Structure formats: structure tokens, C-alpha cells
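Take a walk through this structure, one feature at a time. Keep the sequence and the 3D view side by side.

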Amino acid sequence: MFCIARLIFLCSFFMSGCVSGGNHTCQLTSNVGNNSNIAVLELHQHLVINCSTTQKSSSNLTFEWKKDNRVKKIGVPSINISDVAWNDAGRYECIIKQNRSLESCDFTVIVKTLPHVTIVGVDVLTNTLIVPCLVTGYFKPNKVIWYKNNKQIFPNDTGYFVKNLNKNYFLFVSKLQRSHANLNDSGNYSCEARNIYGTSPRTYHYISKCFINSFVLEKCAEFKNKTRKIDVTISLGSSTSLLCEVMYFTIFPSFFKFLKIVNQKFVNIGGNDTKNILKKENKISNIVKLINYTIVNASRNDTGTYKCDFINKNVFFCPKNLYKVFNVKVIASSPLNKKKLNLVVVIAVSVTGALSGVALILYVYHLRRKSKARLYDICPDDQPELRWDVFVSYSSHDFVWVNELCQMLEQPPFNLIVCLHQRDWELGRSLQDNMVDSIYCSHKTLIIVSKHYLQSEYCMQELQLAMHSEIASEHVRKDRIVLIKIDDVSTQRLPRVLRQKSYLDSSDPEHAKHFKTNLLRVLPRRELMEEGPFEEEDKQISDDASGSSREMRLHELPVV
């Protein structure tokens, strides 16, 4: 009976202090024009929330304000927000304490603004990645869009699922779920939300391969070389490296230790070692961790058993540590064997270098012959009638002058067949092939030297091909390049081989008087030659057919 009475007394005591605190009640009022416990505000609006009680006695009253269950202010009966911002939205709670009594009332503030998004970490549940995006703002978002590496994730994308949840007036949660996650799901994830006021800025969260290995695949570290025991033999005075390379897939903390057996115990080395070098580094975006212990100028004291330990600090996911053992033996090397080895190395390097040089020379020679055969077989030098008499290489800026020259060359007394790239090049072929055809299938190449010509990349290619053709032709078509200077450009800008050639200068008034005469001397010329009398047997056949015939003969005058 005593226990039951004590229990009733305790219950009545706590209920009187925590529920109502007597006959008084907590009241909240605001300056928004109504007495409800919800206020919907515009941005930059002024808000005042007053907290009061119906208790007649105000002695020993204390006030405490909380926003979203976090303490905001203590000791004041009101909250004053002069310039409302989006993050002022939330649930405000006023707690009134008097002696042993306590009462509270709450007030909800909603701010009309575009959504604000936040990605709060990543959850993993049975091989499924869950990325939550918290959206705050009023009105609620009518659309939440997810991205991976700035590429939108659509609802019908295989393996992805989006779950949307309404929490309260101003909180909306969108969860992106990826089932059967693997390393290809690593990347930069982001979300954005839209409501009637606009679209929120994106918020990003990067999921690394190490994170997926750790929490989704639960993959632990492993040695790149899985051999646990390695025997190393080195000579006195030489150096060697004892290398431990770990493929480290997780984000859990870990560390290396390098040890050596001293007095039948493994002792940590490297820190106080002044002769040998212990080096730790990370490679390939921290996935490969490497520890390298280098024995420098080996002595007898370096003989022994060494151990490399890789220790995981998170024993829940990866309980097993990795280790590798090196049995090092230092021996005396024979000076004679060392000299023989050095001699063999020198001979091998010398022979390899010589053979490589000969092979390179033969290969270059083969390529040059092959290239030469491909280019020069287009129009063989011993062919009496080529496709054109003259190819004119010029800049398009000089076309007006070249057009007048072309008209002169195609009329008597020249009667030449002229090739111009703007008129005669074959459509659909490459520029290189058209250049080669024009130069190698012409008796002469006229180079129209001007400022524009020397500035043109294509003109300089034609010039190089023309020089090459003159060298390749040897004695059959020697001096096939004819230079014509048409403005005050300096001939010193020409290649050295061409600077030694004489040229026609149409830009000089004195030389221009004899331009046509000099051109006749250096260019081939076509004349109409009458056939001689036929033999009597053939004359009868010829008379029956066409009477007489005339043909075009090509003559080339000597170069002056």
C-alpha cells in the first residue's frame, strides 16, 4: 500500500509541473494581422512574435525560444526579425518556466521564396546508394531534378529510383536511390528544385570509388604483388629497394609500418635510420599507397628479415591486416665478375645502338624511295607529250595579273596549254594530289613571286614541290622552274637554291619592255607544222581519207 501511494504522489507531482503549470496557459501573438499560430510572409518583411501567459503573477517567469528544436534565445518574451530571409522559416517554440511548472506553445513561420536544396550525406542500405536532397521553401517544389556529372537523371533510367516525401509546410525530401551500385556509380551528384518563384541553385555531393568500395562493395585493401615472402640477395656496397605497393580501395584510415627483426623481435625502423631511406607516397588519386625502404651502400648489418605491415584502423569492415616479409642477404661480390658484367653491358649497349642506327637509315632510305616512286610515276619524265605545257603557281591575290598572263600564253605566238588551279584542278581530290599532278605533268612551272605569294602556306607547298620535281627530273627536264617577280618583294626571302637563278622582273619598267620576248625564250612554244609529201603508196590512201593533215609539234627553246 505504501508503494502504491508513493507512486500516485510522484505521478501527480510531475504532471502538475510538465503539462499546464496550474490554470495559466501560454499564448503567442504576432504582427502579421491574425492570432493564428501560422504566419506566411514575403521576403524582407518585418516579423515580431510575442510570448505571454495568463498567469496573474509574473514573478520568477523565464522564457526560452527554440527554432526547429534548437535553442535560439533565452530570457526574452519576444522574437524580432526585421528583415525576413528564407532561412527564417521554421517552427518557433516558446517555453515558459515558473518555479517547478513548465508550459510551451509553438508558432510556424513560412517564407515565400524559391526552393533551397541541400544534400546531407549518403546512406547505404543492402547494396543500394541513397542520396537525400532536403528542399526548404514555400511554396513546395513542383519538380525536383537530379543530375550525375551534370547530366540529368531521368525517371526511366535503369537502376535509378526517386522517392519524394512531404515533411511539413516548408520541408520536402527527395531521395535518389541506386540499386546494385558499383564503381561506375562514382561521380558528382547534384539536385535542384523548382516552384512558382523559380529554380534553386544546384547543390553537389561527390561519391568516390573508395566510398563505394568501403560501404557498398565492402572491399578491403590488398597488395599489388600478392607474394607474401620475398628473398633478396645484394652485393656489398650496392643498393636495392624493398617495395610494398597496396591497392587501397576504402576511405577508412590506415597506416604503414616497416619493421626489422632485432634480437628476435620486430622493431620499427626508418625514423632513426640515417643511412637507409624510408619513403611513403600515394599514387593514382590515393588508390595506390606505396612504402619504399631503400638500402643504400649495403653492408653486412643490413642482412636480416624485414616486414612491411599495412594496418586498417576500421576493423569492423576490414578486420585483417596485410603484411609482406623480405629476407635480405648481403654477399661479397667478386671484382672480376663485376668487371665482366660491366664489359658485357657496354658491348650489348654498343651493338644495340649500332644495329638501331643501321635499321633507321635503311628505313628512311626505303621511305624516301617509296615516296619518290609514288610521286614521280604520275607523269614519267620520258613521256614526250605531257598534260600541260605550263603550270602557273600564284597567290589568289594576284589573279588579275595572272589572268592577263594566261590569256597571252594561250594565244599566238605561244599557243600553250596552261594549268591554273582555280580553273583546271579536279574537284573532289586533295590539294596535295592536285599540286603533284599540276607540277609533274607540266613541262614548265611559272612561279609568280609576290608579297602575297611568300605569305601563303599553299603557295610555299607548291614551291617546294616544284623544286623537288626539278631535282628529281635530273637531266630530262632540267631548269623547269621559271621565276617571275611582279612587285617590290625581296628575292632574299626565296629559298637559297632559287636565289641563284635569274628571273623575269615585270615590276621594273625597263625590264617590262622585253618581258614578252624573254618569256618566249624560256617557255615551250607550239607551232603548226605542215607535213611533207607522202609516199606515193600512202598518198592515195591519204587523199581518199582527208587530203592532208596538220599536227601540233612542241618545241622548247634553250634557256637564256
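The paragraphs below go from a recorded span to a helix pair, then to aromatic rings and the backbone.

Note at the outset that this is a predicted model.

Next comes a pair of helices. Two packed helices are described by the angle between their axes and the distance between the axes. Here the partners are α4, residues 399-409, and α11, residues 515-522. They pack at an angle of about 60 degrees, and their axes are 12 Å apart. That angle makes α4 oblique to α11. The crossing of the two, α4 and α11, is right-handed. Which residues of α4 and α11 meet? From α4 come Trp401, Leu405, Met408 and Leu409. From α11 come Phe515, Lys516 and Leu519. Sorted by class, the contact of α4 with α11 has 6 nonpolar residues, 1 charged residue and no polar ones.

Now turn to the aromatic rings. The model has 5 aromatic pairs. One of them is formed by phenylalanine 258 and tyrosine 293. Their ring centres are 5.1 Å apart, with 25 degrees between the planes. The pair counts as stacked because planes under 30 degrees apart are classed that way. Phenylalanine 258 sits in strand β22, residues 254-262. Tyrosine 293 sits in strand β25, residues 288-295.

Finish with the backbone. Most residues other than glycine have a negative phi, and most peptide bonds are trans. Proline 413 lies in the loop between α4 and β29 (418-419). Histidine 44 lies in the loop between β2 (38-41) and β3 (47-53).

Conventions: Residues are numbered from 1 along each chain as its sequence is written. This is a predicted model: local features need pLDDT of at least 70, side-chain atom pairs count only at pLDDT 80 or more; totals for chains, interfaces and linings use all residues. Side-chain values use heavy atoms; hydrogens and water are left out. Axes are lines fitted to C-alpha atoms, for helices over the stretch in contact, and angles run from 0 to 180 degrees between N-to-C directions. Helices (H or I, at least four residues) and strands (E, at least two) are DSSP runs, numbered from the N terminus. Angles under 35 degrees count as roughly parallel, over 145 as roughly antiparallel, 65 to 115 as roughly perpendicular and the rest as oblique. A crossing is left-handed if the near helix is turned anticlockwise from the far one by less than a right angle, and right-handed if clockwise. Contact means heavy atoms within 4.5 Å. Ala, Val, Leu, Ile, Met, Phe, Trp, Tyr, Cys and Pro count as nonpolar, Asp, Glu, Lys and Arg as charged, and the others, Gly among them, as polar. Rings of Phe, Tyr and Trp (its six-membered ring) pair if their centres lie within 6.5 Å; planes under 30 degrees apart count as stacked, over 60 as edge-to-face and the rest as tilted.
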